[in-house]
Amino acid sequence: MALTDFDLVLFGGSGDLAMRKLLPAMFARDVANDLPASARIICVGRADASQEEFLHTIETTSKPHIKASTVSAAAWAKFTARITYVSLNATDAGTYHTLVEALRKDDAITKVYYLATPPAIFSQICENLKSNGLVTQNSRVVLEKPLGRDLASAKQINAEVGKVFEESQIYRIDHYLGKETVQNLLALRFGNILFEPLWRREWISDVQITIAEKLGVGNRLGYYDTSGALRDMLQNHLLQLLCIVAMEPPTSIAPDAVRDAKLHVLRSLKKFTPTTLAQNIVRGQYRAGHVDGKAVPSYRDEPDAPEHSRTETFVAMKAEIDTWRWAGVPFYLRTGKRMADSLAEIVVRFKQIPHSIFAQPTNSFQPNSLVIRLQPDEGLRMNLMAKTPGDGMRLKQAELELDFRESFKSPRMDAYERLLLDVLRGQLTLFMRGDELEAAWEWVEPILNNWESDDSFPLPYASGTWGPAAASALIGRDGLQWREEVLPED
């Protein structure tokens, strides 16, 4: 669907997210000729910089994040001609006259306000936009995470932004939902008849969802030490992936049909009690170790880290969904920093065969599994048992693999490219609704409350490993293993 004319306003327009992700994403869509000729990008920041100074900043800070092969002089000149820099104080309504002057006065032009700012000022920015007459029925607002620290703050953000914008105008962004493989998970489940009869407790043994990073906290420590892995990754990214795996078939791909199905999953997650929480959740914090052969420091030795920080950099848990489809099927969620590898994947393991007719015991067979790799190499892999070549009947695990890059030669979109296009088109399917956000926090909050009242420290794990040994014990109690403990990594 072709885009109509728009003004895209980036609050935090000189910040890290805008420079590394948002502007490169818009440049890629410009090169692909997706943007209307008169579409504009207005970058808002506090710095009192001239237009020329800001374009120089983009040249040195944002341009290096763009694939060199796409940056011709003509393409770059065309893109930067769309950009206007506006200096204002986002929390001071009296300074918004500069934005009023920069925006086109035609209300038929879509105005998108992207808030790449701390959530603490979301409501103030929205109020200031309204008081300056910048909110119409053709306006949209994009909210970057973190969307709250707990249920109360999430409700407050929803309520305050909701005073200015209708729910249909609010786009709560989770960039994982823009990844190609997540879209293909929807296609796999609901575009094929093959898996649907098997996508239930009678045939599936367990589901593992992992998002692992080699990197430490880097320059995000100020934010991360007050957040931790549970708030930063599990409450949003991992739960959203779980919802797509576990949701019932929606009536259509329409936004509310998909979001209703995801909400049902969130509301069906079994709540933790203090006893089950202690049994089914592991939290850890990385210590010094080696990643890619290089020595890296402990979390507490990172610059400006508190000496006795109790912030978790790793979480593993066993979750359950109380529905007819999933009752009794464990969902193992895991995320961490300074891990042995950087990857994001979903593993759906099917049950073991009931009886072997071959001269091999049943326990020598690897159960069939479907591996959905989100990064670094996006694709699908089906693990099956097959006969080895030669005499006799000996079975061994073999792989059927679909590599998206090899199978589909067309250029691939970055997650932010797709999500920005959806915002500009008014397509809400890949964005969280307010009740989704609150349901996720409602499930996570008892964990946070338990940890805050517990004076114990996260379990230590060496950088460059797969987390605390207790995470292996967690899944091992059910006679299972994390996937990297079964198969060598690619």
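Before you start, note that the model is predicted: local features need pLDDT of at least 70, side-chain atom pairs count only at pLDDT 80 or more, and totals for chains, interfaces and linings use all residues. Residues are numbered from 1 along each chain as its sequence is written, and side-chain values use heavy atoms, with hydrogens and water left out.

A salt bridge here is a side-chain nitrogen of Lys or Arg within 4 Å of a carboxyl oxygen of Asp or Glu. The structure holds 36 of these salt bridges.

**Stop 1.** Select R29 and D34. Their side chains form a salt bridge, at 2.5 Å from N to O. Are these residues buried (under 20% relative accessible area), exposed (over 50%) or partly exposed (in between; 1.4 Å probe, protein chains only)? R29 is buried at 11% relative accessibility, while D34 is partly exposed at 24%.

**Stop 2.** Now pick E345 and R373. The closest N and O atoms of this salt bridge are 2.9 Å apart. E345 sits in strand β13 (residues 343-350) and R373 in strand β14 (residues 369-375), so the pair ties together parts that are 28 residues apart in sequence. Strands are DSSP runs (E, at least two residues), numbered from the N terminus. E345 is buried, with 6% relative accessible area, and R373 is buried too, at 7%.

**Stop 3.** Next, select E401 and R381, a salt bridge with its closest N and O atoms 3.4 Å apart. E401 belongs to strand β16 (residues 395-403) and R381 to strand β15 (residues 379-387), distant parts of the chain 20 residues apart. R381 is buried, at 8% relative accessible area.

**Stop 4.** Finally, select R189, E196, R200, E248 and R325 together: salt bridges that share partners join them into one network.

Methods. Helices (H or I, at least four residues) and strands (E, at least two) are DSSP runs, numbered from the N terminus.
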